[in-house]
Amino acid sequence: MTSPSDTRARTPAERRQHAMALPPLGDADAIEIERFLEALWAESGLARQTLDSYRRDLEGLARWREGRGGGLAGADRAMLFDYLAARSGDGYSPRSNARLLSALRAYYAWCVRRGARVDDPTALLQPPKLPRSLPKALAESEIEALLAAPDVEQPLGLRDRAMLELMYAAGLRVSELVDLPSTAVNLRQGVLRVMGKGSKERLVPLGEEAQHWLERYLAHARPQLAGKRALAPLFLNASGEAPTRQQFWTLVKRYAAAAGIDPRRVSPHGLRHSFATHLLNHGADLRALQMLLGHASLSTTQIYTLVAREQLKRLHAQHHPRG
């Protein structure tokens, strides 16, 4: 926890060092967290990434609380409030604390349902106010430059071109992209079967360019990367395994720099934002966009109408004689 004499927010490196200095996770709390995550997965079918986030958040609180008695399940509202305040003082963002509060609410609701507690200590905790941040999309010319950056004469370069084309053409989440099995692609029908959040499946049409580069990758690069092995992932790295999200994040940054784009402006999720924004700019229906993105709620998709509106305002200000 931040001392009274040190009100300066910690840097990310300092936060990691501080976290490493906390007591180790107790066995009882480790077992408790595992039981909760197994129950949550069985009840809600949450994505692996969401469960991993919940695990990190609960382990962080348990380690911070270690030695205070009562374990994770025994924390009261004052203790949770102190923990959230300490995180804010350490420089954690409102979005990070909002995610933590979601994990805590799910955990303590589970405790109440199974009779481990009679009250929910998160009931009166207010979530932090989140600033409205619009998705950052690249210009269409920047997307073209980014897609053209890989060296397609090399197997890994051809794979990277196919991955970038597919992510932009289908608006995939990075986890959806790297987890695609080879059976997900139907080139004859020109569709992709995607397993999204909450294990919800959706079919996404492939554009001509994405289909062209997928065909080239499957015909030339993937056989070289797989050798004689029958491997399940659609995209393979040099060792015959699926690339990780972190590896794809790194290559997107590298190709952005090669294309003359500031890498700080580019991320894998930015390709998904660009897909949605460009479709909307070219007249796509919002409901159709919701289905393509795999959003459970239309309100999530509507953020892109704000992006398009902001772009129109900038264009008007730039080009109208009275802008």
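One cut-off before we start: a residue counts as buried when its relative accessible area is under 20%, and as exposed when that value is over 50%. Keep in mind, too, that this is a predicted model.

**Stop 1: L251**

Select L251, which sits in helix α10, residues 245-258. Its relative accessible area is 4%, so L251 is buried. Now show what surrounds it: setting aside neighbours within four places in sequence, L251 is in contact with R159 and D160. P150 and L251 are 101 residues apart in sequence, yet their C-alpha atoms are 9.5 Å apart in space.

**Stop 2: K253**

Stay in helix α10 and click on K253. Leaving out residues within four places in sequence, the contacts of K253 are P263, R264 and V266.

**Stop 3: the nonpolar cores**

Next, colour the largest nonpolar core, which has 43 residues. Which of its members touch the most other members? They are L166, L192, F235 and F248. Helices α6, α7 (155-170), α8, α9 (208-226), α10 and α11, along with strand β2 (191-195), each supply at least two residues. Helix α7 gives the most, with eight residues.

Zoom in on L192. Not counting residues up to four places away in sequence, L192 touches L166, A170, L172, L180, A184, V185, R202, L203, V204 and L206. Apart from this core lies another one, of 26 residues, with F36, L100, Y107 and W110 among them.

**Stop 4: the salt bridges**

Now for the charged side chains. Side chains of opposite charge can pair when their charged atoms come close. How many salt bridges does the structure hold? There are 13, and a few are worth a click.

Start with E34 and R55, whose side chains meet in a salt bridge at 2.7 Å, N to O. E34 belongs to helix α2 (residues 27-44) and R55 to helix α3 (residues 48-65), so this pair ties together parts that are 21 residues apart in sequence. E34 is partly exposed, at 32% relative accessibility, and R55 is partly exposed as well, at 25%.

Go on to D179 and R48, a salt bridge in which the closest N and O atoms are 3.6 Å apart. D179 is in the loop between α8 (174-178) and β1 (185-186), while R48 is in helix α3, so here the parts tied together are 131 residues apart in sequence. D179 counts as partly exposed, with 45% relative accessibility.

Then pick E142 and R265, where the salt bridge is 2.8 Å, N to O. This pair links distant parts of the chain: E142 lies in helix α6 (residues 140-147), and R265, 123 residues away, lies in the loop between α10 and α11 (268-281). R265 is partly exposed at 42% relative accessibility.

Finish by selecting R173, E176 and R202 together: a network of salt bridges links these three.

Technical notes:
Residues are numbered from 1 along each chain as its sequence is written. This is a predicted model: local features need pLDDT of at least 70, side-chain atom pairs count only at pLDDT 80 or more; totals for chains, interfaces and linings use all residues. Side-chain values use heavy atoms; hydrogens and water are left out. Helices (H or I, at least four residues) and strands (E, at least two) are DSSP runs, numbered from the N terminus. Buried means under 20% relative accessible area, exposed over 50%, partly exposed in between (1.4 Å probe, protein chains only). Contact means heavy atoms within 4.5 Å. A salt bridge is a side-chain nitrogen of Lys or Arg within 4 Å of a carboxyl oxygen of Asp or Glu. A nonpolar core is a set of buried Ala, Val, Leu, Ile, Met, Phe, Trp, Tyr and Cys residues joined through side-chain atoms within 4.5 Å.
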